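Subject: Model handover and findings

Hello,

Here is the structure we talked about. My notes follow below it.

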Amino acid sequence: MIANSLLLFASPKLGFVCFPGVSPITSVKSRGFLRIKAMEDSQTMNLNGHPGSQVTTVGKSTDIKWHKCPVGKVERQNLLKQKGCVVWITGLSGSGKSTVAAAVTHTLYERGKLTYILDGDNVRHGLNSDLSFKAEDRAENIRRVGEVAKLFADAGVICITSLISPYKRDRDACRALLPDGEFIEVFMDVPLEVCEARDPKGLYKLARTGMIKGFTGIDDPYEPPSECEIVLKYNGEICASPDEMAAEVISYLEERGYLHA
């Protein structure tokens, strides 16, 4: 009986044998863990040789296993009295993405709803600080944000991303991470000349003089969404305020039940 309850975790990494029933003390050895030589087979086995839970390989990560949480997404959503989703705001630099994201978050906060913004500049202060603005790094930037946004949505949070995300294939890959309906793409449909006139960070001016290469809208393309959920459009001289644009996004969430568990 005791032998059957001992688990041998076999992998190319260092493994442990856990002896149950040993009183926990301070040292690793006295807690009942004995270092053993790792085996080559990548699976979990008990000591009588029968396979246990299988491990797998994902990308470059080997010998990993998905551990289910006893508290599921539905329970988390019931706790928060809302449904998790990703509001993906895309558009040219200067189109107002961050401003609208902030307005949506503030309004929902006042209504007692939990949100979190993943802003394109903010994530490059930490999570993505190792990435440049080359095409391959921009794709990896979006991939990482998409994965983090998926976790927020699974936690029951309304996650709002604010990134240029210029390439359709990258946005579509993020959409594919979530169940149908939980990826809400919001296109800031503002003409290039308007964004360039705003130029809040002076980047268009630098791009025009050649000091910045590969700048979206100047010498690198922006691929507008063809079938997004929401379009926030600039209409000539009349432009809706950030609060009005936020109200349109919130109305969409309300109508589709995301503001209720």
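A term to begin with: helices (H or I, at least four residues) and strands (E, at least two) are DSSP runs, numbered from the N terminus. This is a predicted model, in which local features need pLDDT of at least 70 and side-chain atom pairs count only at pLDDT 80 or more, while totals for chains, interfaces and linings use all residues. Residues are numbered from 1 along each chain as its sequence is written, and side-chain values use heavy atoms, with hydrogens and water left out.

Pockets

On a 1 Å grid over the protein atoms alone, a pocket is an open set of points where a 1.4 Å probe fits, with protein on both sides within 12 Å along at least five of seven lines. Lining residues have an atom within 4 Å of a point. Points are joined across faces, edges and corners, and the volume is the space filled by probe spheres set on them.

The largest pocket holds about 780 Å³ of space. It has 36 lining residues, and Ser93, Lys97, Asp121, Ile164 and Lys201 are the closest to its centre. Two or more lining residues come from each of H3, helix H4 (120-123), helix H5 (135-154) and H9. H3 supplies the largest share, four residues. By type, the lining has 15 nonpolar, 13 polar and eight charged residues. Here Ala, Val, Leu, Ile, Met, Phe, Trp, Tyr, Cys and Pro count as nonpolar, Asp, Glu, Lys and Arg as charged, and the others, Gly among them, as polar.

The second largest pocket has a volume of about 500 Å³. Its lining has 21 residues, with Trp66, Glu147, Lys150, Leu151 and Asp154 the closest to its centre. Strand S5 (56-58), helix H2 (73-80) and H5 each give two or more residues to this lining. H5 gives the most, with five residues.

Arg138 in H5

Arg138 is found in helix H5. Is Arg138 buried or exposed? Arg138 is buried, with a relative accessible area of 10%. Buried means under 20% relative accessible area, exposed over 50%, partly exposed in between (1.4 Å probe, protein chains only). Contact means heavy atoms within 4.5 Å. Leaving aside neighbours within four places in sequence, the contacts of Arg138 are Arg124, Ser132, Phe133, Ile164, Pro166, Gly214, Thr216 and Asp220.

Strands

Two strands pair if DSSP finds at least two bridges between them. S7 pairs with S10 in the parallel sense over five bridges. S7 also pairs with S9, in the parallel sense and over five bridges. S10 and S11 are parallel too, over four bridges. Some partners to click on:

- Val86 stands opposite Phe183 in S10.
- Ile89 has Val186 in S10 as its bridge partner.
- Val186 stands opposite Ile230 in S11.
- Val87 stands opposite Ile160 in S9.

In a regular strand the side chains alternate between the two faces of the sheet. In S7, Cys85, Val87 and Ile89 point one way, Val86, Trp88 and Thr90 the other, and all are buried. S10 is mostly covered, with six of its seven residues buried.

Ile160 lies in strand S9. Its relative accessible area is 0%, so Ile160 is buried. The C-alpha atoms of Ile160 and Val87 are separated by 4.7 Å, although the two are 73 residues apart along the chain. Beyond four places in sequence, Ile160 is in contact with Val87, Ile89, Ala101, Val104, Thr105, Thr115, Tyr116, Ile117 and Leu118.

Cores

A nonpolar core is a set of buried Ala, Val, Leu, Ile, Met, Phe, Trp, Tyr and Cys residues joined through side-chain atoms within 4.5 Å. The largest has 23 residues, and Val87, Ile184 and Leu253 have the most contacts inside it. Two or more of its residues come from each of strand S7 (85-90), helix H3 (97-110), strand S9 (158-162), strand S10 (183-189), strand S11 (230-233) and helix H9 (242-255). H9 gives the largest share, six residues. Leu253 touches Cys85, Val87, Leu108, Ile158, Ile184, Tyr258 and Leu259, not counting residues up to four places away in sequence. A second, separate core has 13 residues, including Val145, Ala153, Leu163 and Cys174.

Best wishes
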